[in-house]
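I opened this entry to look up charged side-chain pairs and the parts of the chain they connect. The notes follow in the order of my look-ups.

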Amino acid sequence: MKALKIVLMAVGGLVALFFIVAAFLPSSYAVERSIEINKAPEVVFEQVADFNNYLKWNPWSKTEPSAKNTIGGTQKEPGASWMWEGDTVGTGSLTIEKLEPHKAIQSKLKFLKPFESEASDSWTFEPTASGTKVVWHNTGELPYPVMRYMGLMMEGMLGPQFEQGLRDLKALSEAQPDPAPMSEAMSNKM
């Protein structure tokens, strides 16, 4: 009986410790990566703002090519969405909330399975001397207590995926033709 009491007290102490430590862990996370792409911002922007192109380079599509993907809304506009459902990638959606053509995109990321959560996904496209500096930023809240522990692994889980996605975005973007000069584009419309 005494041994059972000691075991129960030890388990109770571990459970209490789990909750106490979780209270001191960060309540949100942020992961950010950037890359220089040797193409104009409008070329790179097209690969991110149009989910038909997004499917070609993002790391999760490559993780489970057989996942069901649904593209909705008018691409490159607020409300455009990508929904996915798969055994490995789970179920979720990414919806553009705001965008500034060739400069920035802000989206809402929702996961439904294997667990529910929401995050903010944002992009910036800054012209440089040789092309575009692209920054991919993801932030989210970490509900108490279990997700606080998950937050300790977010950088290690998402960081390498973002890096791979950006490398693939670079390769896809740099394979695209250069945009027509403004004067040529105007004369083609006449």
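Entry 1. I worked from a predicted model. I began with Arg33 and found that it forms a salt bridge with Glu155, the closest N and O atoms being 2.6 Å apart. I noted that this pair links distant parts of the chain, with Arg33 in strand E1 (residues 28–37) and Glu155 in helix H5 (residues 146–174), 122 residues apart. I then looked up accessibility: Arg33 is buried at a relative accessible area of 17%, and Glu155 is partly exposed at 37%.

Entry 2. I turned to Lys39 and Asp178, whose side chains meet in a salt bridge at 2.7 Å, N to O. I placed Lys39 in the loop between E1 and helix H2 (41–49) and Asp178 in the loop between H5 and helix H6 (182–189), so this pair ties together parts that lie 139 residues apart in sequence. I recorded Lys39 as buried, with 10% relative accessibility, whereas Asp178 is exposed, with a relative accessible area of 57%.

Entry 3. I next examined Glu46 and Lys76, which form a salt bridge at 3.0 Å, N to O. Glu46 belongs to helix H2 and Lys76 to the loop between strand E2 (68–72) and strand E3 (81–86), so the pair joins parts 30 residues apart in sequence. I listed Glu46 as partly exposed at 26% relative accessibility and Lys76 as partly exposed at 31%.

Entry 4. I followed shared partners and found Arg33, Glu155 and Glu163 joined by salt bridges into one network. For the structure as a whole I recorded eight salt bridges.

Technical notes
Residues numbered from 1 in each chain as written. Predicted model: local features only at pLDDT ≥ 70, side-chain atom pairs only at ≥ 80, totals over all residues. Heavy atoms only, no water. Salt bridge = Lys/Arg side-chain N within 4 Å of Asp/Glu carboxyl O. Helix = DSSP H or I, 4+ residues; strand = E, 2+ residues; numbered from the N terminus. Buried < 20%, exposed > 50% of the residue type's maximum accessible area, 1.4 Å probe, protein only.
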